[in-house]
Amino acid sequence: SKVRRLEEIVQLTGATPVHLSAHLHDRVVAAISHLPHVAAAALALQAALIDEGSLSRLAAGGFRDITQIASSDAALGAGISRETSRELLPVLDQYIQLLQDFRTSLAADTAFSLEQFFHQAAHYRNTLPVDGRGALTAMSPLNGYVPDQPGVLGHVTTLLGEQGVNIRNIRIKELRAYEGGCLQMLLPDSAQAGKA
């Protein structure tokens, strides 16, 4: 059948075919791709609103990681949001309600509700598959400690390149307690991280 042939073609690309109705697909992608883009942009804008110079210097890797998608093309983000507004608006409403519920619990200092918020989120997040690709690109982080010497970065990247490891993103974080730095790399997947 044509569907089976299409599945075979999709599998040849390394992807896993999934059967979904068009409506369900659009709703799911709104939740796992479009909404995170909006949330990342909002987090970056919130930081910008209160940054008087120190925030950008103190922002740790976690903040950069969670807001990474905010660096995407602005016109593309706006276009996708407009094109998918029918699916994105209800998901956005649910997200806003979750934040409002969290705010209510926090203002009332309701420890149980706050703990449930984080517990339920962690439980669902921990059930997600570790490997595989979804609507959002999943990357594997790899940290390495390197001495502060000329040529070290080139040596490391050359070694990885010779082994066919693709580095998607790289940065060096200065460490006060260490005479050198922490080389932080984002690799395409866990297999590449293992090889590295």
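How many helices and strands does the secondary structure of the chain come to? The chain has 9 helices and 3 strands, where helices (H or I, at least four residues) and strands (E, at least two) are DSSP runs numbered from the N terminus. This is a predicted model, in which local features need pLDDT of at least 70, side-chain atom pairs count only at pLDDT 80 or more, and totals for chains, interfaces and linings use all residues. Residues are numbered from 1 along each chain as its sequence is written, and side-chain values use heavy atoms, with hydrogens and water left out.

**View 1. The whole chain.** Read from the N terminus, the elements run α-α-α-α-α-α-α-β-α-β-β-α. Of the 196 residues, 19% count as buried (under 20% relative accessible area; exposed is over 50%, and partly exposed lies in between, with a 1.4 Å probe and protein chains only).

**View 2. Helix H2 against helix H6.** Here H2 (residues 22-50) meets H6 (residues 85-107). Their axes are 9 Å apart and the packing angle is about 60°; axes are lines fitted to C-alpha atoms, for helices over the stretch in contact, and angles run from 0 to 180 degrees between N-to-C directions. The two helices are therefore oblique to each other (angles under 35 degrees count as roughly parallel, over 145 as roughly antiparallel, 65 to 115 as roughly perpendicular and the rest as oblique). On the H2 side, look for residues including Asp26, Ala30, His34 and Val38; on the H6 side, Leu88 and Tyr95 are among them. By class, this contact has 9 nonpolar, 1 polar and 3 charged residues (Ala, Val, Leu, Ile, Met, Phe, Trp, Tyr, Cys and Pro are nonpolar, Asp, Glu, Lys and Arg charged, and the others, Gly among them, polar).

**View 3. A closer look at His34.** His34 belongs to H2. Is His34 buried or exposed? His34 has a relative accessible area of 14%, so this residue is buried. Leaving aside residues up to four places away in sequence, His34 touches Val29, Ile80, Thr84 and Leu88 (contact means heavy atoms within 4.5 Å).

**View 4. Helix H6 against helix H7.** H6 also packs with H7 (residues 111-127), at an angle of about 145° and with axes 8 Å apart. Leu98, Phe102, Ser105 and Leu106 of H6 meet Ser113, Leu114, Phe117 and Phe118 of H7. That contact has 6 nonpolar, 2 polar and no charged residues.

**View 5. Helix H5 and its cap.** H5 (residues 74-83) lies largely in the open, because the number buried among its 10 residues is 1. Asp73 caps its N-terminal end, with a side-chain oxygen 3.2 Å from the backbone nitrogen of Ala75.

Note on methods: Polar contact = N/O pair within 3.5 Å; in protein donor to acceptor, adjacent residues only side chain to side chain.
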